[in-house]
Amino acid sequence: MGKKTVLELMINGDAFEIACAPNMTLLEALRDKAFLTGTKRGCDTGGCGACTVILDGEAVLACLTLAVEAEGCDIRTIEGIARDGKLSSLQETFVEHGAIQCGFCSPGFIMSATAMLAEIPSPGREEIRRHLAGNLCRCTGYAKIIGAVEAAAGKDRGGEK
Amino acid sequence: MHLPIFTHRQPADVAGVVSALAEGSGAKVLAGGTDLLVNMKHRIEMPEKLVSLKKVADIRGISLEADATVIGAATTLKEIRQNSELERKFPALFQAAMSVGSYRHQAMGTLGGNLCQNTRCRFFNQSWQWRQVRSLCYKVGGEECHVIGRKHACFSTYSGDVAPALLVLDASLRIAGPDGPREAPLSALYSGEGRTPLTLGRGEFITAVVIPGAAARGKSRYEKFSLRGSIDFPIVGAAVWRGDGSVRAAYTGVDCAPVRASELEAELAGRELTDASLKRGANLAHKAAKIAPTSVHPVTFKRELMGVLFVKAMRAIS
């Protein structure tokens, strides 16, 4: 299987047919083949978290995942987080808290936090910090991002903003 | 950064992996990919073929066989971290798995992959462009080790977190290969040489880690010192275990292989553990390792850390 093959990747519920060689990463397939450029290429070596996507419910690094191994998986990217034009509660709280400055790291943070909230609906502050470690932000200083995730967890529980 | 070209296999069973690995040369196992794919992007490793473990049945999960705990090699570090039984019986393993990279690395990375993590050095864990300013070092195809300035030698440092924890728990490995399955103590996995740090033969790969029941009858702890508290490789990592009047200690980040501190262990065997005896043991810790300046941290600093982390870990379980 050294040559190109055509993969069928399920991205945000839509099937994409992508011709790729084994050495194509999921990040390259998403950005360069499916043109879903919301997932960012940062360090490209697993250190910054900008390329985080959700694969079968698990937040993973798309730059270190082979596209061929994502076949048959449910791939969720930042483009699939808003539903019917409505932002997710996490996206809303990011906006409300000013947790975005340049915005480059935001998709990675939102994907990491979305996977965490699906697993742990009421995370403590320390749990949020641990889950977001590995997502780097050079603008915000993290405080607002952590605040936004805390607020989103509160919203999903039906609590105050 | 594109990955170099390779062929890719995804066998469904252990026998399929063994035969795919044994065919031709230059094949490597791909588990979580969090170490290997980074090295491939940097052109530190260029295998011709990757044999993926993603679809292999029966090498993932945690089970009991009599009183031994068997952990499949493809079990993720996250699955280990989330297993409350493992956390209760083998705190050092839990703490070590928890300290690897970020939660994304733990969700992707596997136990076997962590044990087989490649050694590290400031001269080759760099981009291809960075490495162009001097001749290639011995590890990546050149002649000389830039750390020591000697030909045909490599002193790169083993930096996996989980191995020292499993060493003090006296864990062994189940290995599949062309000559059938075999068992070996974990310490036998490591050659102690930087260029080819593992002893696995062609076609061989780890299928499971076995922790003997006796390991659960002691207390254990892993202490890691790294520059960043969030995600980082250890500058030095120390695992300790105490039970039955004996003490075991093992280290990562100090030599080409993870090492057991046998002088330290002998000094403390059967002794009462007091501040004075722990200090005596701590002073012997560095004898276990030949620390090379493969990172930006001075050798003397690492030597001292070995003792400091030992005392810290022992106090936490006293």
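Analyst: Two strands pair if DSSP finds at least two bridges between them, and strands themselves are DSSP runs of E with at least two residues, while helices are H or I runs of at least four, both numbered from the N terminus. This is a predicted model, where local features need pLDDT of at least 70, side-chain atom pairs count only at pLDDT 80 or more, and totals for chains, interfaces and linings use all residues. Residues are numbered from 1 along each chain as its sequence is written, and chains are lettered from A and ligands numbered from 1 in the order in which they are written.

User: What is the strand order in the open sheet of chain B?

Analyst: The four strands run E11-E12-E13-E14, with antiparallel pairing.

User: Why are E11 and E14 of chain B said to stand at the edges?

Analyst: E11 (219–225) and E14 (259–260) each have a single partner strand, so one side of each lacks a neighbour in the sheet.

User: What makes E11(B) and E12 of chain B a pair?

Analyst: Seven bridges, in the antiparallel sense, join E11(B) to E12 (residues 236–243).

User: Which strands does helix H5 of chain B lie across, and at what angle to E11(B)?

Analyst: H5 (residues 91–98) lies across E11 and E12 of chain B, at about 25° to E11(B). Axes here are lines fitted to C-alpha atoms, for helices over the stretch in contact, and angles between N-to-C directions run from 0 to 180 degrees. Helix H12 (residues 299–316) of chain B also packs on the sheet, touching E11, E12 and E13 (246–252), and makes about 40° with E12(B).

User: How many residues of each chain count as being in the contact between A and B?

Analyst: Residues are in contact if their C-beta atoms, placed from the backbone, lie within 7 Å. On that basis chain A gives 23 residues and chain B gives 25. On the chain A side, E4(A) gives the most, with four residues.

Technical notes
Two residues are in contact if their C-beta atoms, placed from the backbone, lie within 7 Å.
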